[in-house]
Amino acid sequence: SNGYIGYDSNSTGNTVLVTDGGTWTNSGELAVGFGGRSNSLVISNAGTVVNSNGYIGYDSNSTGNTVLVTGTGSLWTNSGILFVGENGAGNSLVISDGGRVISDLFGAIGNVSSASNNSVLVTGTNSAWLSDALVVGFNGSGNSLIISNGGGVTLVAAQSEGFGGIIGFGADSTGNSVLVTGTSGLETLGALVIGYGGSSNSLVISNGGTVANGFGYIGSLSSSNNSVLVTGTDSVWTNSGILSVGGSGSGNSLTISNGSTVANTEGNIGTFSSSSNNSVLVTDGGTWTNSGILYVGRGGSSDSLVISNGGTVVNTEGYIGFTNTASNNSVLVTDGGTWTNSSSLTIGDSGSGNGLVISNGGMVTVGTNLVISALAGASNNSVSISDGSLTVTNGQIDIGKAGSGTLEVTGGTVTVKELLATNGTNSVITFNGGTIISEGTTIDSGTGFII
């Protein structure tokens with residue numbers, strides 16, 4: 001029934017090799033390092049191992065245990081859960097050169113708080129791990145998954161079932177990581193969460209790696225300081241649903257750089273009132289495509305978006321500071337960065353102290369209307385242009401529509417059909433350089449004036 005390699009705490013260095021079409025079938029569980037250390041299982045050359053739950057490092061004393069599944073046709077099937085580090089630390093699984101591993105229920109790398117620094121490597125063309133769902137760092141810390149050189153991980157949980165993959169589940173699960181690199185892929189129809197309850201967890205997609213999932217979350221709940229880096233030409237992160245950077249937590253970040261691409265429907269930076277200091281950087285030719293609305297500070301404060309060095313952001317409607325709790329959120333478009341809003345752009349829908357800065361050749365385009373301080377109670381929201389361009393192609397710039405707002409032009413060009421400053425002293429235009437083109441009338445820079 002059950003199989004054990006290294007049963008008690010003194011059993012170290014025991015090995016099993018299943019190779020050349022050999023088969024080991026366990027009707028129950030299989031543990032590689034049940035209580036012992038440095039035990040190993042190798043499945044090679046079309047060998048097959050079958051069991052219910054699988055464990056690599058079951059007990060807290062069981063460290064340094066390993067499983068290698070290598071070669072075309074080599075297969076390890078777990079009809080239940082696969083734990084890489086149930087209680088133990090420093091255990092590992094390697095899937096290489098076309099080997100395959102299946103975990104029908106889910107996989108967990110680092111299950112409890114003592115299960116730290118456990119690792120899985122999926123490498124080589126057609127090497128694969130197929131699981132219903134996967135957690136890297138259920139409650140443990142420093143656990144890792146690397147998918148490289150054509151390897152793949154597929155999580156079959158449907159989007160309607162919720163989570164497909166989680167990096168850092170519990171409050172104590174910190175410093176867990178996933179790296180997808182070198183034309184490799186991670187795919188799930190379910191949600192992908194980087195930091196569900198834990199902090200300082202990370203996902204890196206590089207050198208042509210691809211990740212595809214349903215909803216994407218960087219820092220769910222009150223999780224903080226989680227990060228995603230997407231870098232390199234042909235590196236792609238595709239979210240078929242919403243992408244949220246900072247749910248209720250703080251200091252979460254997304255970087256899109258060096259020709260990489262991130263795509264989603266709606267985008268949120270700082271979703272709820274408790275979220276703060278979350279950030280997105282799009283730089284060096286990176287592209288962020290939102291097929292729907294983009295919120296920078298939907299409900300949070302001091303959240304930011306920076307678009308620089310040829311980076312591109314695209315969305316329909318754009319908001320910087322959406323609810324009345326959304327304060328001091330910012331967007332900087334600089335050094336040839338481009339932000340295209342195919343519909344409207346609102347700076348401070350009902351929040352305060354939110355701002356857009358366009359500088360050093362940055363370009364912002366708005367399809368319909370740009371509104372500063374849209375609703376009553378919105379205050380001190382602003383747009384500042386210096387040596388950049390703001391173009392409103394088919395509408396108005398309404399400064400301080402219902403609250404207080406400022407348009408400051410110290411260089412560059414503003415092009416709009418109609419410029420409105422109708423809210424008395426709450427509508428301020430500061431013009432001290434550059435060019436404003438409104439309804440075919442050009443206002444050249446001069447000594448500056450305030451309306």
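Where does Gly198 lie? I looked this up first, bearing in mind that the model is predicted.

**Entry: Gly198**

I found Gly198 in the loop between β22, residues 191–194, and β23, residues 202–206.

With neighbours within four places in sequence set aside, I listed Gly168, Phe169, Gly170, Ala171, Ser173, Ser223, Ser224 and Asn226 as the residues in contact with Gly198. I also noted Gly175, which is 23 residues from Gly198 along the chain; the C-alpha atoms of the two are separated by 8.4 Å.

**Entry: the cavity**

Rolling a probe the size of a water molecule over the atoms shows where empty space is left. How many cavities of 30 Å³ or more does the structure hold? I recorded one, and the space in the largest cavity comes to about 50 Å³.

I wrote down its lining as Leu134, Val136, Leu145, Leu155, Gly165, Ile166, Ile167, Val178, Leu186 and Leu192. Two elements, β16 (134–136) and β19 (163–167), each give two or more residues to this lining. Strand β19 provides the largest share, with three residues. Sorted by class, the lining of the largest cavity holds nine nonpolar residues, one polar residue and no charged residues.

I turned to strand pairing. Strand β44, residues 381–386, runs parallel to β41, residues 355–359, and five bridges join the two. In this pairing I noted Gly355 opposite Ser382 of β44.

**Entry: Ser44**

Which side chain does the side chain of Ser44 meet in a polar contact? I identified the side chain of Thr19, at 2.8 Å. Apart from neighbours within four places in sequence, Ser44 is in contact with Leu17, Val18, Thr19, Asp20, Thr70 and Ser74.

Technical notes: Residues numbered from 1 in each chain as written. Predicted model: local features only at pLDDT ≥ 70, side-chain atom pairs only at ≥ 80, totals over all residues. Heavy atoms only, no water. Helix = DSSP H or I, 4+ residues; strand = E, 2+ residues; numbered from the N terminus. Contact = heavy atoms within 4.5 Å. 1 Å grid on protein atoms, 1.4 Å probe; cavity = no way out; pocket = protein on both sides within 12 Å on 5 of 7 lines; lining within 4 Å. Points joined across faces, edges and corners; volume = space filled by probe spheres on them. Nonpolar A, V, L, I, M, F, W, Y, C, P; charged D, E, K, R; others polar. Pairing = 2+ DSSP bridges. Polar contact = N/O pair within 3.5 Å; in protein donor to acceptor, adjacent residues only side chain to side chain.
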